[in-house]
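Here's a protein to explore together. Take a look at the sequence and the fold, then read on for a guided tour.

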Amino acid sequence: MKKWLKIAGITLGSLVGLLLVVLCLVCWLVFTPARLTPILSGQMEKFITAPTSLGQVDVSLFSSFPNLELQVDNFVITNPMAGAPSDTVVSVGKLSGAIDVKAYLKEKEIILHDLTLSSGDINIFTDASSNTNYAIFPAQAEKVEEEPTAFDLGKIMSAADLKKIALED
């Protein structure tokens, strides 16, 4: 009887280990910077009306375990205005943050740890008519209703919680 339990335990452990290896391999192949950068750019177009650009988006689970770390290089928002000293509103060399995966899976709540903005510039401008260059978010009246998707960033961000923010350089 003990022999069967030992064989069943080894078989079950082997299947779980193999499943974990396959899952890690699939995540490594799917979550590449070449695939993530266009996805994030598409999501930004929904929430930011000004032109934006991204260098590279990278996701890491292993170096920040149990959190999921997201790193964006060369993030720039431009909004040209007449009379403004620069058309760039925000320029960040490196933006990184970690999301608590357990809180998201259990409660659908985003807890953002260690949000870091490095090598950044912010240019705020208001003209004589009180028009600002940082008015880059769509007004509520302009919001287009879309069919709900499995990944609805608006609902997710309404449950966000920030734990630590750092501005460097």
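## Starting at Thr-116

Leaving aside residues up to four places away in sequence, Thr-116 touches Lys-94, Leu-95, Ser-96, Ala-166 and Glu-168. You'll find Thr-116 in strand S5, which covers residues 110-122. Is Thr-116 buried or exposed? Its relative accessibility is 15%, and the cut-off for buried is under 20%, so Thr-116 counts as buried. One thing to keep in mind as you read: this is a predicted model.

Strand S5 has a couple of other residues to look at. Asp-114 sits in S5, and its phi is near 50°, a positive value in a residue other than glycine. Ser-119 is also placed in S5, with a phi near 55°, again positive in a residue that isn't glycine. How covered up are they? Asp-114 has a relative accessible area of 40%, so it is partly exposed. Ser-119 is partly exposed too, with 40% relative accessibility.

## The whole chain

Now zoom out. The protein has four helices and seven strands. Reading from the N terminus, the elements go α-α-β-β-β-β-α-β-α-β-β.

How much of the protein is buried? Of its 169 residues, buried ones make up 22%. The protein exposes about 12,300 Å², and carbon and sulfur atoms supply 63% of that area. As for who touches whom, take the contacts with a separation of 6 or more: 54% of them come from residues 24 or more positions apart.

## Strands side by side

Strand S1 (residues 52-53) and S3 run antiparallel and are joined by two bridges. Here, Thr-52 has Ile-77 in S3 as its bridge partner.

Next comes strand S2 (residues 56-60), which pairs with S3 in the antiparallel sense over five bridges. The two form a hairpin, with six residues between them.

Within it, Val-76 stands opposite Ser-91 in S4.

Strand S4 is also where you'll find Thr-88. Thr-88 is buried, because its relative accessible area is 17% and buried means under 20%. Not counting residues up to four places away in sequence, its contacts are Val-76, Ile-77, Thr-78 and Asn-123.

## The nonpolar core

Time to look inside. In soluble globular proteins, nonpolar side chains tend to be buried together. Which residues touch the most other members of the largest nonpolar core here? They are Leu-54, Phe-75 and Ile-77, in a core of 13 residues. Helix H2 (33-47), strand S3 (67-78) and strand S4 (88-100) each supply at least two residues of this core.

Setting aside residues up to four places away in sequence, Phe-75 touches Met-44, Ser-53, Leu-54, Val-90, Ser-91, Val-92 and Leu-95. Notice that Leu-54 shows up in that list, and Leu-54 is itself one of the core residues that touch the most other members.

## A nonpolar patch outside

Leu-18, Val-22, Leu-25, Val-26, Trp-28, Leu-29, Val-30 and Phe-31 form a nonpolar patch on the surface. Together, these residues have about 780 Å² of accessible area.

Trp-28 lies in helix H1, which covers residues 2-30. Is Trp-28 buried or exposed? Its relative accessibility is 62%, and exposed means over 50%, so Trp-28 counts as exposed.

Key. Residues are numbered from 1 along each chain as its sequence is written. This is a predicted model: local features need pLDDT of at least 70, side-chain atom pairs count only at pLDDT 80 or more; totals for chains, interfaces and linings use all residues. Side-chain values use heavy atoms; hydrogens and water are left out. A nonpolar core is a set of buried Ala, Val, Leu, Ile, Met, Phe, Trp, Tyr and Cys residues joined through side-chain atoms within 4.5 Å. Buried means under 20% relative accessible area, exposed over 50%, partly exposed in between (1.4 Å probe, protein chains only). Contact means heavy atoms within 4.5 Å. Accessible areas come from the Shrake-Rupley method with a 1.4 Å probe; for residues, only the protein chains shown count as cover. Patches are made of residues with over 30% relative accessible area and no salt bridge: like charges are joined within 9 Å, nonpolar side chains (Val, Leu, Ile, Met, Phe, Trp, Tyr) within 5 Å. A salt bridge is a side-chain nitrogen of Lys or Arg within 4 Å of a carboxyl oxygen of Asp or Glu. Two strands pair if DSSP finds at least two bridges between them.
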